[in-house]
Amino acid sequence: MHHFPGKEGTVLKDQEIVALFRQRSEEAIEELNRKYGRQIRQVTDHVLRDRQDAEECASDTCLQVWNSIPPGQPEHLGAYACKIARNLAINRYRSNSAKKRNTFYDVALDELEETVPALSNVETEYEARELTGYVNQFLRSLEPDDRVLFLRRYWFGDSISEIASATGRKPHALSVRLFRLRQRLQDYLKKEGMMA
């Protein structure tokens, strides 16, 4: 088992943690948790809002990262792990709420998919990567306030009232702003040929 000398008490760089995963060192999971565990748990907590489910998903995230590296070689390990955490949490959330639709997260996802059907009609991994690239470009083009609003609603699943109380803005104004952002995303994806 390879150790990085002199690293006691210091946080390893992403590349060093990825190297530990590639060497199949169990230390990799410890270092991943030490560096990104809090962020991973925030992602799972935010989606699931159930402590036990969120902790299980955070644990499953570490296992999935372990199983995906190698062959995966993520440049940004935190973003890679948080994306896995979010996908696992959404799957758990959908499974948990299959019998009780219209919970807070379903409303946000339905709202987005209604305006931008391309997001739910992706059939291949290539299409998913291509669409993700365009959505990321769209997000980079937004003003910081709009980007944060969009991500809070559609990535983290915050309710309109949560965002309103955190930002001091009126719920109706936020709903109108989100509607306009969804329309802009739809127009952008049409322009890029991702939607008819």
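A: Buried means under 20% relative accessible area, exposed means over 50%, and partly exposed lies in between (1.4 Å probe, protein chains only). The structure is a predicted model, in which local features need pLDDT of at least 70 and side-chain atom pairs count only at pLDDT 80 or more, while totals for chains, interfaces and linings use all residues. Residues are numbered from 1 along each chain as its sequence is written, and side-chain values use heavy atoms, with hydrogens and water left out.

Helices are DSSP runs of H or I with at least four residues, numbered from the N terminus.

The buried residues of α9 are Leu174, Leu178, Leu181, Arg182, Leu185, Gln186, Tyr188 and Leu189. They lie on the same side of α9 because they cover an arc of only 160 degrees around the axis, the arc being that of the directions from the helix axis to the C-beta atoms. On the other side of α9, His172 and Lys191 are exposed. Just after α9, Gly193 has a positive phi of about 80 degrees.

A nonpolar core is a set of buried Ala, Val, Leu, Ile, Met, Phe, Trp, Tyr and Cys residues joined through side-chain atoms within 4.5 Å. In the largest such core, of 27 residues, Phe21, Leu32, Ile40, Val65 and Leu77 touch the most other members. The largest share of this core, nine residues, comes from α4. A second, separate core of 20 residues includes Tyr154, Leu178, Leu185 and Tyr188.

Methods: Helices (H or I, at least four residues) and strands (E, at least two) are DSSP runs, numbered from the N terminus.
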